[in-house]
Amino acid sequence: SYTRDEYSSTVEEPAYWEESVSPSVGMSYWFKPDEFGIETDISFTSGEYLSKSDMRNHWYESTKPSFALVYKYVPYHLELEGTLSHTIARFSDPSDDFDNWNGSVSLSKKFTKKIEGFVKYTHTIMDFKGNNENYSIYDPSVGITYIAAEDTPVSLSVGYFIRNRERSPDEAALSVNGDIGKTWSVGRYGSVSFGTSSGYDEDYFGAEKMGFGIYYDADFTAKYAFSKDIIGDVNGAYKKDKYKD
């Protein structure tokens, strides 16, 4: 993928820009079909931007290998999944360099043909090489998935994450992760879906570099089939980010 962004705070201030290219490659292999397998991939991002602070060109590079292991115990309808990723980020200013480790483990069980429950724990370690403050994130969650009509999954998980920082006070917040969208038919040819979620994200690349943030979002999509060959859709989304740093 290739991306180019252009920013302008006010008419008087000069505009600044950012562009990046991100190739990736991955592989999935099942040792025992639909029971035991692995997924692995690696991505590389190279970017350059004009900094609004000193109006000079800067660059960044990141490499992110990831690995996932999936095991399904069919007799008890259990599924165990573990993931691990490591982001290695380097910048033109070495004080911005960091390593980010992210791992998770989840266990899910299918109680009926339509209802499945799951528990999950995600752990993040952010290790800055400069003077930025390191932190860890503890994120347990529990949820349920319901298979609605026409095999449409509706899932909701509720968690409570804690960001433990080296020097500053800890932060904690409730998070709602997953897709609670459902599609409703409108007449014979139309449908409407709606979803919402909340959680946290990390933005340490590029001209903006907003840092750690908590977000809330909602979206909807409406579709209508005008004929057998023509389908139109309209969608909208709202997202609010609160960057804590």
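This is a predicted model: local features need pLDDT of at least 70, side-chain atom pairs count only at pLDDT 80 or more; totals for chains, interfaces and linings use all residues.
Visitor: What makes Phe91 and Phe98 an aromatic pair that is tilted?

Guide: Rings of Phe, Tyr and Trp (its six-membered ring) pair if their centres lie within 6.5 Å; planes under 30 degrees apart are stacked, those over 60 are edge-to-face, and the rest are tilted. The centres of Phe91 and Phe98 are 6.1 Å apart, with 40° between the planes.

Visitor: Why are Tyr200 and Phe212 called stacked?

Guide: Their ring centres are 5.9 Å apart and their planes meet at 25°, so the pair is stacked. Tyr200 sits in strand 13 and Phe212 in strand 14, so the pair ties together parts that are twelve residues apart in sequence. Strands (E, at least two residues) are DSSP runs numbered from the N terminus, as are helices (H or I, at least four). By that rule, the chain has 15 strands and zero helices.

Visitor: How do you know whether Tyr200 is buried or exposed?

Guide: Its relative accessibility is 17%, which puts Tyr200 in the buried class. Phe212 is buried too, with a relative accessible area of 0%. Across the chain, 30% of the 245 residues count as buried.

Visitor: How many aromatic pairs are there?

Guide: The count comes to 21. One aromatic cluster includes Phe91, Phe98, Tyr200, Tyr204 and Phe212.

Visitor: What makes a group of residues a nonpolar core?

Guide: A nonpolar core is a set of buried Ala, Val, Leu, Ile, Met, Phe, Trp, Tyr and Cys residues joined through side-chain atoms within 4.5 Å. The largest one here has 19 residues, and those with the most contacts inside it are Phe98, Tyr135, Phe161, Tyr204 and Phe212. Among the elements that give it two or more residues are strand 2 (16-21), strand 4 (36-50) and strand 14 (211-225).

Visitor: Which residues does Tyr204 touch?

Guide: Contact means heavy atoms within 4.5 Å. Leaving out residues up to four places away in sequence, Tyr204 touches Phe91, Phe98, Met126, Phe128, Tyr135, Lys209, Gly211, Phe212 and Asp245.

Visitor: What makes a space a pocket?

Guide: On a 1 Å grid over the protein atoms alone, a pocket is an open set of points where a 1.4 Å probe fits, with protein on both sides within 12 Å along at least five of seven lines; lining residues have an atom within 4 Å of a point. Grid points are joined across faces, edges and corners, and the volume is the space filled by probe spheres set on them. The largest pocket holds about 960 Å³. Its lining has 41 residues, and the closest to its centre are Glu81, Ser106, Phe118, Lys120 and Thr122.

Visitor: How does that lining divide by class?

Guide: It has twelve nonpolar, 15 polar and 14 charged residues. Ala, Val, Leu, Ile, Met, Phe, Trp, Tyr, Cys and Pro count as nonpolar, Asp, Glu, Lys and Arg as charged, and the others, Gly among them, as polar. The second largest pocket, of about 280 Å³, has six nonpolar, two polar and seven charged lining residues. Among those nearest its centre are Tyr204 and Asp245.

Definitions and conventions
Residues are numbered from 1 along each chain as its sequence is written. Side-chain values use heavy atoms; hydrogens and water are left out. Buried means under 20% relative accessible area, exposed over 50%, partly exposed in between (1.4 Å probe, protein chains only).
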